[in-house]
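Take a look at the sequence and the model below. Keep both in view while you read this short report.

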Amino acid sequence: MKICDYELYKAVYCGLCKELASFGIASRMTLSYDFAFLALLYMAVNKTVTEIRREPCMAHAIKKTSYVCHSDALQFTAAAECISVYHKIKDDIEDDGGIKRLSAKTLFVPMKKPYEKAKKFYPDLAKITEENMSLQHKTESGKCPSVDRAAEPTAAIMSAMAARISDNPEKKRILARMGYLLGRFIYLADALDDVEKDFRSGNYNPLLLQEGCENCNLENIRKIARDSIYFTLGELSNAYVLLDDLMYKPIIDNVIYMGLPYVAEKLLRGEKISGPRKHSPAERNEII
Amino acid sequence: MSDPYRVLGVSPTATDDEIREAYRNLAAKYHPDVQGKGPLADIAQSKMQELNEAYDKIMDMRRGGGKPSSEYTQQSHGGSSLFAEIRRQIQLGNLAIADDMLERIDVDRNAEWSFLKGSVCYARGWLNDAYHFFSNAVKLSPDNPEYRAALSNMNSAKEGKMNGDNSPYGDKTRLCGAGICDTCQLLICADCCCECMGGDLIPCC
């Protein structure tokens, strides 16, 4: 990836952060690279050209950062993020103990307003997210042993969000498939990130309950999880090659062919991806 | 039909070899052997067709002839009429109906049953289950090319192959290749070894 591509990716991330501020201060704290990628995909498919400005950034004190200006892409992604984060927090409060629950509780009230605002823009997305989160709650409390089914709700949410990117029926189908697989990847990555912790604590994690994982050690569990991850990436690439006429293709190529496999390999080696993926691509040498 | 050169992504001044190369690259992405029978199979197929037509047209224009070497033809499938109906439902995207029909068959769950069950899972994005059923289909009927193609597709994904990945970096696990750190470490290591043997690679350390 060239430096200018990397700069643009960062500018999208920062632009999204500023856009989130229009939904409410709290939502700014929830930004992740997953959604920056969604914004970039939106811009790539719809060929959004936006101005890049330089301004001091709240998070970096007085250091100036580049960011892309307001656009449909950012507005949509910011709303999608507010919806998804709000339901994630709600879910954490319902089923998690300890620190996660506490931090979820602190964020819950301030996230209410951004969520309501986003819901007004995209009521259908809010509905799909809500339905799928309750499905997720069911799979988790029922200790579902199937990775496919456990990943389904997250995948279905991302699928619905990605499908909104284009109005062209053919592109919509391709994006829906990509979104599904991206969501599946995100779910698997999160499960893999938690696998060691859950292995010790005995909390639900579908990777621990897979067939052939009974009485396995962590290394073997990761080995079995590897296949699920790479099936997902392979199928994602099959959908992606059908999506032609993209702007910013080098950046998207980079995320799909290098960033995602890099994250996967790191997690499969048992290394931590800390926090809600907030690090800049430079620090982690990859992008998601 | 749109400009055939655009379809191939080459300029009208491209040489025959360049056109063949572009054709091969795109065909490798869209080919049904690679794309499998997922929910986007029809899109891939129409892109493949468009590509074939564009290639033919250019070759016709250039010297009146020349067929693409790997033109794709739709395969026909045998099997019972119930399975044929299930196939049709899968193709139409009616996965719940197809799955329901499959679940009702409780005797004689043969290779084709496994394959179709795998196809439903595959279309849903339930890739782990899909792999399981495709493997089963191949086990029951090892010579069937359709089942084998579906399984081998998933096997190449399993090994980390991604469609359209032309990255020159090869091994993705090391995104930055041999970075500066690696190079320095190697040099320092080499220096230490040399020093052990009484020599010196880097005189200052």
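Predicted model: local features only at pLDDT ≥ 70, side-chain atom pairs only at ≥ 80, totals over all residues.

Chain A has 12 helices and two strands. Along its sequence, the order is α-α-α-β-β-α-α-α-α-α-α-α-α-α. Chain B has 10 helices and zero strands. Its pattern along the sequence is therefore simply α-α-α-α-α-α-α-α-α-α.

The table sets out some values for each chain.

| B | 205 residues | 30% | 43% |

**Where the chains touch**

How many residues of chain A are in contact with chain B? The count is 31 residues of chain A, in contact with 28 residues of chain B. On the chain A side, four helices each supply at least two residues: α7 (147-163), α8 (169-201), α10 (218-240) and α11 (249-268). The largest share comes from α10(A), with 12 residues. Sorted by class, this side of chain A has 16 nonpolar, six polar and nine charged residues.

**The largest nonpolar core**

Next comes the interior. In soluble globular proteins, nonpolar side chains tend to be buried together. Here the largest nonpolar core has 135 residues. The residues with the most contacts inside this core are A:Val12, A:Leu16, A:Ala39, A:Leu40 and B:Phe134. The helix α8(A) gives the largest share of the core, 15 residues. Chain B takes part too: domain 1 (4-63) and domain 2 (81-158) of chain B each provide at least three residues.

Look at A:Leu40 in particular. Leaving out residues up to four places away in sequence, A:Leu40 touches A:Tyr9, A:Val12, A:Tyr248, A:Ile251 and A:Ile252. One of these partners, A:Val12, is also on the list of residues with the most contacts inside the core.

**A closer look at α11(A)**

Helix α11(A) is mostly covered, with 15 of its 20 residues buried. Just after α11(A), A:Gly270 takes a positive phi of about 90 degrees.

**One residue in chain B**

Find B:Ile90 in helix α5 (residues 81-92) of chain B. Is B:Ile90 buried or exposed? A residue counts as buried if 20 or more other C-beta atoms lie within 10 Å of its own. B:Ile90 has 23 of them within 10 Å, so B:Ile90 is buried.

Which residues does B:Ile90 touch, not counting those up to four places away in sequence? They are B:Leu95, B:Ala98, B:Leu116, B:Ser119, B:Val120 and B:Ala123. Now compare B:Met59. B:Ile90 and B:Met59 are 31 residues apart in sequence. In space, their C-alpha atoms are 36 Å apart.

Technical notes:
Residues numbered from 1 in each chain as written. Chains lettered and ligands numbered in written order. Buried ≥ 20, exposed ≤ 12 C-beta atoms within 10 Å, placed from the backbone. Contact = placed C-beta atoms within 7 Å. Nonpolar A, V, L, I, M, F, W, Y, C, P; charged D, E, K, R; others polar. Core = buried A, V, L, I, M, F, W, Y, C linked by C-beta atoms within 7 Å. Domains from an automatic or database assignment.
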